[in-house]
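Here is a colleague's note to read beside the sequence and the coordinates. The points are numbered so that each can be checked in turn.

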Amino acid sequence: MQDNRTTTASAAAGPEKVRGRQWLRPDAKPAALVLAATLALIVSMKLVNPAFGSMTQLAAILITSIFLVVASFGQGLVILTGGIDLSIGVVMGIGGMIIAGMTRGSDDMLVYALPTALLCCTAIGVINGIGVAVAKLPPFIMTLSSGTTFFGVGLALTAGSSQQPVAPALQHFMSGSWLGIPLPVWFLVVFAVLATLLQNGTAGGRKLYAMGSSPGAARVLGLPTTLLTIVVYGASGLCAGMAGILLAGYSSSATLDMGNALLMPTIAAVVIGGARVTGGAGIYLGTLAGALFLSTLSTVITILSLSQGLRSVIQGGIIIGALLLQSNRSAPRR
Amino acid sequence: MPVALQVNAISKSYGATAALQDVSFQLERGQVCGLLGENGAGKSTLVKSISGVIRPDSGQILLNGEPYSPKSIVEGNQRGVSTAFQELSLVPTLSVALNLFLPHPERNKLGLVPARKLEQQAAGILEEYGVREIRPSALIGDLPLGVRQRIEIVRAMMRKPSVLLLDEPTAALSDREWLFGLIDKVVAEGTSILYISHKLDEIRRLCSRCVILRNGHKVMDSEVKSMTDDQIFTNMAGRSAVETFTSRASVIRVDAKPRLEVRGMKGPGLEKVSFKLAPGECLGVAGLEGHGQSNLFKALVGLSPVTEGTILVDGTEVSLHSPREALKHGVTLVPEERKSEGIFSDLSTMANISMPVVDSVTRFGLVDRNAERRAVTAVTPSVNLSDRFLSYGIGALSGGNQQKAILARALISGAKCLLLFDPTRGVDVGAKQNIYAMMTAFVRDGGSVLFCSTELDELVHLCDRCLVMYRNAIAGDVPREELSQDRLLSIASGFRPGSATMPASRVGDVQ
Amino acid sequence: MMAQPSPWYRRLGGGALPAILLLVLMLAVYAVYEPSALTSFGIGNLLNNAIVLALAATGLTIVVLTGEFDLSGAGVVAICNVLAATLSMGSLGSMGTLGFVLLVGLAVGLVNAYLIAILGLQSLAVTIGSLIVCQGIALIILPAPGGEVAEAIDGVTGDIFGIPYAGIMMVAIALGWTFLKNTRWGISVYAVGADPVASRLSGLDVPTTKFLALVLAGLCYGAAGFVYSAEIGSGDPRISDSFLLYMFAAVAIGGTSLMGGRGGVLGTLVGVGILTVMQKMLFAIGVAEYYTNIFNGLIMIAAIFFGQLSPLVARIAHRRPA
Amino acid sequence: KDTYKVFLNMSYSGNSWQAAAANGIKALAATPPYDKMVEFKTVISGTDVQRQISDLQSMIAAGADAILFYPLSPTALNRVVKQACEKGIAVFTYDVTVTQACAHNVSSITARYGANTAQWMVNQMGGKGEVVFNHGVAGTTVTNTYDEQAYGVFKKYPGIKIVGDFYGNWNDATSQEEVAKILAAHPNIDGIWSVDGSYGSLQAVINGRPDRLVTMAGQSNNGYRLAIADPAMQAKGLKGVSSSSGPSVGGYAFKLMMEVVTGKTKLEQQNVEFPLPWVEPQDVKVCPGEDFVDGCNTFPADKVSPLFLDTALDGKTLPELSIDAVQTGNPKPGATIQPLPPVKYADTLPGINCSDCTAPADWLEPNLVKPIPVPN
Ligand SMILES: Nc1ncnc2c1ncn2[C@@H]1O[C@H](COP(=O)(O)OP(=O)(O)OP(=O)(O)O)[C@@H](O)[C@H]1O
Ligand SMILES: Nc1ncnc2c1ncn2[C@@H]1O[C@H](COP(=O)(O)OP(=O)(O)OP(=O)(O)O)[C@@H](O)[C@H]1O
Ligand SMILES: [Mg+2]
Ligand SMILES: [Mg+2]
C-alpha cells in the first residue's frame, strides 16, 4: 500500500486561501475604467485648453448628457434581458410631440400632458414587449418595425410638423437651478440613484439578470419571464418618452425625428459601460459612465474645431481605445 | 510496464482559487487509473490540463516519455490524447455524424465536407461501438442527454487514443455495462485510461489504481484493491463516512389525499401515464434513457405539452401549464440539463439559490443581503454546499457544486413536492449522503418526492415505490419490498412479468 | 421517434420557407398591379435595387452566424463608394479600383477581426467605433457628394445577353455560400455561433473562425461599396443609418438568428428580396406617404411571424404519435 | 391634356422643414384649379438613396407627367433622372439640386446665403469679435458651399476670430446642445453664424449668458424672428438676420412646374433661383391673421411654435398658403392659384446644379449686403 498521506496537511490550504475582499466588484470594473477614461479626456483637454473643464462646462456636459442617461437606462434594461430596443428614437420624438401638442405653450395642460405622453410611450414599449414575449418575435425586428410603424402613425397624426411650443414650465425646468446647481443636474443625480437601485438592488432587477443569463433556466424556475419582458420594454418606452419630454423642454419645441440621433448612442453607452449584448451582465453604473463618456467625448470633439471627417475618426478611435482599456487578454474567452 | 503519461507537479489557479497544486502521478500503458475527489477537488481541471483545454501555470507532462504541453485540444488529439468531457462538448445544432468528425471532418477534392458519406461512416462507427439506435443525421440538440453522453464517449474512443480521459462518463448513463465493455476492449488494445467517477463500485470494477485529489492536492495514490471504501472516503473528504444507505421507515401518510395524482396523461413522448404520489412518499422513476422519464417530468410542470389527462394536487384538479403555475401549487422541478436549464451562469451562487425567495428577502423594496444570506445558509447545509462558494459566480463552481446549488434552490422555494431528475448526477459521495438525508428529511416532514435516477441502487434504497418506464409508458410499479436492481432493469428492458419475449431493442426504439 | 424537421424541409431553407412564400406573394401582387414589373426593365431594376443590400447583408449574415455583430458595413460601403468616385477615373482604372476597394474592405475586416476575435472585445461596441471611423474617413476623402465613376464600373448595372449582372451576382452569392457552408470553415461557423464552449472543446478554432468571418464580411462590404458606386454613378460620403438597419432587417427576416448558429445567406437573400419588393409593391398598390412607413413595419413583423410559425407547424405535423 | 399625374417625392420626413414644404405643396395641389387637374401623390423614400432611386423608377413606370422631388444627393440620382427625362417627364427638384442637365433645379442655393449673412454679421460687429460657426450637415454640397462663402468673408477681417465650430445638422436641439458646450469653453463669443438651428443656438445663449446676447445669422423660425425684433433682446445685444432657404421653395417649385407642364411658362434655362428670404430686425412685421398679407412676415408667439418656419409662407409668390395649409396640407379656403412673377435664373455652380460648367467669378462674394472696409 503506497499511501502517501504526507500531503494531507498542506491540502487544507487549498482554495480556502481566498484573498481578502476584492476592492472592486468585477462587474463594476468597466464602469470604473470608463469613468476614468472620461476624467482623462477632461484632464487632457484642460492641458490643451485651460478654459476647458470649468464648472459651467461640466454642468453643460451633464445637462446635455441627461437625454442619453435617461434613454439608455431603458436600453440597458432591454439589453440586460438579451433584447434590443430600436424604437427609442421614434418614441422620444413621439413623447416630445405629445407634450408640445397638448401643452400648446401654456402650463395649464402640463399635468395632463405629462402622464399622457409617458403613458403613450410606455404603451409603445409594452407593445414591443408583447411582440417579443408573447409572439416571440426577435427583438431587433419587433422594435425596428414598431418604430417604423409608429413613426408613420406620428407622421399621419401631425402631418410631420411640430404644431406648438412646449409648456414654459418644462423649459424653465431645463434651464433653472437650485442651490446654484442646475435643476437637470439634480434630476440626473436622482435618476441615476433610482435607476441603480432599481436595476441592481431590487428583486425584479435580480430576475432580469437571471432571465438574461439563462432564459431556459428562468423558465424552468418559473420566473415570470413574459411579464418581466413586457415590463422591461415598457420601461424602455417610458424612459425614452421621459428623455423626449426633457429634450422638448430643453429645446422648447419638438419634432418627430429629434430622437433619431440618440438611438445609436444609447446602445453604445450600454455596451461601452461593460454590458454584454447577449444579456445577463452589466450594471447601470456602467451605462451611466458610458453615457457620460460619450457626452464628454462629443464636447471635446466640438471644442476641437476639426473637419467632421477628422472628428469622426477621432471619436470612433477613442471609443475603440476605451474598449481596449477594458480588454483582458488573460481572461478566458467565452 | 511502460509509462504512458507522466504528470509532474502541475498547478493551476483561477484567481484566488488554487484548483490544482503540485499534482503528480503517472499512468502506465494499458492501465485504468481512477481519479477521485470531492466536488471541486480539481479533477476536471486536471483533465483539461492534460487534454489541452487549459494550460497549467506550472509543472510538466510527459507523454510516452516525451515532453508534452499541448497548446490546443487539437494538438492533444494529434499526440494521442482524447477526452470525453464532463460538460459535454457536442455542438447542439450539428448532426451526430458531423460532431463525431469534428474538428477536421474529411473533405472531398472540392474542399467540401461530404455529409452523406460522413453519415455512412458515422453509422459504421456507431455500430462498431454498440450504439445502434441513433440516426447519424439527427441533430445533437434533439437527442436525450444520455444519448449525447454516449456519443461523447464514442467520439473520444474512435480516435484510437493512447491516453483516454473520461470525466464522469456515467453521470447520465443508465446502461453502464455498455461503457465497461468498451473500456475492457480498448484497454486490451493498450490504451491507458484516466477514469473519473464518484461511484466507488465503478472504480472497483474498472480500475487497478486510483488517485485521490482534495482541494487541488493529491492526497493518495494507491492500488484500489488494497483500500477499503472507508479509507477512500476518508482520503477524499478528510473525515470518515461510508457510502451506505440506512434503511428508513416508511413515513407515507396514507390517510391524506395524494399530493400529486396523474390520470391518463398523454403527450408527445408520453403514453397514458397514471400514478399517485402521497405526502411523505418518495416515488422512484426508473428507465433506460430515452423512454420518456424526462418528458414525464417536464410535462408535470408544463414544459412539455400534455394532450390528454388530468393532474390533481391535494385532491383538486389543477392545470400546470408552466413551471410558475406548478410552483404556485407547490410543485418544483430540478431539471435534467444543468447547463441550459439549471444555472444562471452570470449570477453568484448566492443569487442562484435565493432566486425563488428573492421577493421576500427585501427591505424597502431592495434586496437585503443579510436576510438573503440567512435564507440561503439555512438550506446549504442540507446539500453540503460550503458557504465560501456563495459569493463566487456559479459558473466558476465545479459541476457537482453547481448541482448542489440547484438542489438548495429547490429546497428554499418551499415546494411540497419535489420533482428531482437525477439529483445526484456528478455529486460526490459525501454530498450524495447529504442529498439522501435531505430527501429523507423532506419526506419525513410531509413533503413528496418524485425521484428519477440513472443509478438503480439509489432507487432501490431510497424509494417507497418505484415506477419503471418503458417506451414512454409505465411498464411497472414495483412496491418497496420487491425493489431490486435486477427487477427494475428487467422491466426497464422490456421484460413483462410473466412474458419471456426479448425486447426488440435494448435502448428504446429511437430510430 | 426523434422529433425533427425532415431533411427536405431543412434543405429548402427551413425557417426561410414562409419568407420565400411571402416574397412570391408580394411579387405576384406587384406584378398584378404593375404590368411593367415582369418586363426585363422591371426585373433589371428590381435586381439592381437589391444587389447592394444583398452583398452587404451577406457579409453581415456570416458574422451574425458566428454569434457576433458587425455595424461597420455601412461605413465600409461609404469609404469604397467615395474611393471609387475619386479613383476610378484616374490611373487606377476600373479593375484597379475594384481591387483597391476590396483591399479596403479587407483592411477594415482585419482590424475588426483582430479586435474581436483575437482580443475578445465586444463586437457590437467595437464595430460602432469602426463604423464612426469609416464614416469619418469617407468624409475626409470626399467632403461633399460628387466625383464620377468610370464608364466600365457603370456597366455593372447593365446586362449580358439580357441577363442583368446583378442577377448573375445574386446567383453567385447563393452558389458561393452553398459551397462555403459545406466547407470545414462553414461548418465551424455554425458550430461556433451555436455553442462556442462546446466548439472549443470539440477542437474547433473559435477565434480563427470568427476572424475569417469578419474578414470575409469586410470583403463583402467592399464589393457592396463597389456595386453601390456603379448604381449611383458618383460618390457620396454619407450613407444613411437606414441602410444599416435594412442590412440587419434582411438578415433577421431571412431567418438567421441574431444570437448566432442558425440561418444562412440564402434566407438573407430572400429577406433582401422582401425589403426591396415591399417598397415596389406598396407603391404599385397605391399605399403612399405615411402609410408606407406603417406598412413597412407591419410587413417586416409579418415576415418574421410567419417564419416562426412554420417550423412549429412542421414539428407538429411530424410529431404524430408513432 | 386636362389631368396630370404628378408625384411628390420626399426624402426625409419628420422634421419641420420637410413637413412644411410637403404640406405647402400638397395644399397647392388641392387648390383650384389644380384640385381637378392634378392627380397628386406623395411618396416618402426615407434617407436611403437606393430607395429614392427605386421610388423614382416606380414613378416612371407608373406613367408620371411630372415629378417634384427633394434629392438625397446631387449626383447619385442622375441616372434615374435621365431615364425620366427620356420618357418626357418634367423633373423638378426643390431646395437641393441635381447635376443632371435635363432636370430643373429650383433652389436658393445659388443666392449666396453664406457670403451675404457672413458679411451682414461682420458689418454689425464692426469687423471684429469671436464667432461660432454652426455648420449644417457634414458631407453635403449645400453645407460646403455656404461654408466656403462665409469663411471667405470672415477671413477678410482679421478682427474676426472663429473660436468654435460644430455640425448642428440643421437641427435646433443639436445646435442648442453644441452652443451650450462651446459657450462654456468660450464665454466671450460675440456672434453665431448658422444656416439652420439658429433658434436653438439663441436659446443656448439666453440660458447660458442671459444678459449678453450675440450677433446672429440664421433660419427664419418664428421664435427667432420675434426675438431679433424684440427691443428687450436688442438691448441685451441681440442682432440677427433671418434668412436661409425656406420650405416655400417647395410650393414655388410646384407652381412653377405646373406652369411649365401646362405650357403657361416656358423656361429658357434649367436652373431657377428662388429668392433668398431676408428679414432684418427692422423688417419684422407681425401678421394679424393666418397668412402673410401686406408685407407682414411673422406670427405672434401664441399662434405658432417658435420653431415654425415663417418662410413656409411667402406673400409674394405663394399667396395661396396659410398657417393651416402648411401645417396640415389642406388648401386655404377660397384660394385659387395665382400666376407667378417672372422667374430669375440661377447661376451655374459646378457639382451643384450642373457638371460641365463654370461658376461666376464672384460666386464667393456677397451680393445683397455691402461690405464695410476692414478696420485697422
Ligand atoms: N473557469 C473557472 N474559473 C474559476 N474557478 C474555476 C473555474 N473552473 C474551475 N474552477 C474552480 O476550480 C476548482 C476545481 O474545479 P473542477 O471543475 O476541476 O472540480 P472537479 O473536481 O471536477 O469537481 P466535480 O466533481 O464537481 O466535477 C473548483 O473550486 C472550481 O470552483
Ligand atoms: N418533441 C418530441 N416529439 C416526439 N418525440 C419526442 C420528443 N421529445 C422526445 N421524444 C421522444 O420521447 C422519448 C422520451 O424522451 P426523454 O427525453 O423523455 O427520454 P429520457 O428517458 O428522459 O432520457 P434520459 O434518461 O437520457 O434523460 C424519446 O424516445 C424521444 O425520442
Ligand atoms: Mg468535474
Ligand atoms: Mg431524458
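**Notes on the predicted model**

1. D:D294 is exposed, with a relative accessible area of 68%. The structure discussed here is a predicted model, and in it D:D294 sits in the loop between β11 (271–273) and α12 (323–328) of chain D. The phi angle of D:D294 is near 50°, a positive value in a residue other than glycine. Most residues other than glycine have a negative phi.

2. A:L179 belongs to the loop between β1 (177–178) and β2 (181–182) of chain A, and it is exposed, its relative accessible area being 63%.

3. Two peptide bonds also deserve a look, given that most peptide bonds are trans. In chain B, the bond that joins B:L102 and B:P103 is cis, with omega about 0°, and B:P103 is placed in the loop between α3 and α4 (115–128) of chain B. In chain D, the bond from D:P32 to D:P33 is likewise cis, with omega near 5°, and D:P33 is part of the loop between α1 (16–29) and α2 (34–37) of that chain.

4. Which residues coordinate the magnesium ion (ligand 3)? The ion is held by B:S44 through OG and by B:Q86 through OE1, at 1.9 to 2.1 Å. Because B:S44 lies in helix α1 (residues 43–51) of chain B, while B:Q86 lies in the loop between β6 (81–84) and α3 (96–101) of chain B, the pair ties together parts that are 42 residues apart in sequence. Both B:S44 and B:Q86 are buried.

5. Within chain A, A:A117 is a residue of helix α5 (residues 110–133), and it is buried, with a relative accessible area of 0%. Leaving aside residues up to four places away in sequence, A:A117 touches A:G95, A:I98, A:I99 and A:I245. The C-alpha atoms of A:A117 and A:G96 are 7.8 Å apart in space, although the two residues are 21 residues apart in sequence.

6. The contact between chain A and chain C takes 44 residues from chain A and 44 residues from chain C. The area buried between these chains is about 3700 Å², and carbon and sulfur atoms give 80% of it. Across this interface there are zero salt bridges, and three residue pairs are in polar contact. On the side of chain A that touches chain C, the elements that give two or more residues are α6 (139–158), α12 (260–272) and α14 (308–326). The residues of that side divide into 25 nonpolar, 14 polar and five charged.

7. Between chain A and chain B, 39 residues of chain A are in contact with 45 residues of chain B. Together the two chains bury about 3600 Å², with 55% of it on carbon and sulfur atoms. How many salt bridges are there between chain A and chain B? The count is three salt bridges, and A:R276 forms one with B:D346, where the closest N and O atoms are 2.5 Å apart. Nine residue pairs are in polar contact between these chains. The elements of chain A that give two or more residues to the side touching chain B are α1 (8–11), α8 (183–201), α9 (203–213) and α10 (215–221). By class, that side has 15 nonpolar, 15 polar and nine charged residues.

Technical notes
Residues are numbered from 1 along each chain as its sequence is written. Chains are lettered from A and ligands numbered from 1 in the order in which they are written. This is a predicted model: local features need pLDDT of at least 70, side-chain atom pairs count only at pLDDT 80 or more; totals for chains, interfaces and linings use all residues. Side-chain values use heavy atoms; hydrogens and water are left out. Contact means heavy atoms within 4.5 Å. Buried area is the accessible area (1.4 Å probe) that two parts lose on being put together, summed over both. A salt bridge is a side-chain nitrogen of Lys or Arg within 4 Å of a carboxyl oxygen of Asp or Glu. A polar contact is a pair of N or O atoms within 3.5 Å; within protein, one must be able to donate a hydrogen and the other to accept it, and residues adjacent in sequence count only if both atoms are side-chain atoms. Helices (H or I, at least four residues) and strands (E, at least two) are DSSP runs, numbered from the N terminus. Ala, Val, Leu, Ile, Met, Phe, Trp, Tyr, Cys and Pro count as nonpolar, Asp, Glu, Lys and Arg as charged, and the others, Gly among them, as polar. Buried means under 20% relative accessible area, exposed over 50%, partly exposed in between (1.4 Å probe, protein chains only). Donors are N, O and S atoms within 2.8 Å of the metal (3.2 Å for Na, K and Ca); water is not among the atoms, so sites may look incomplete.
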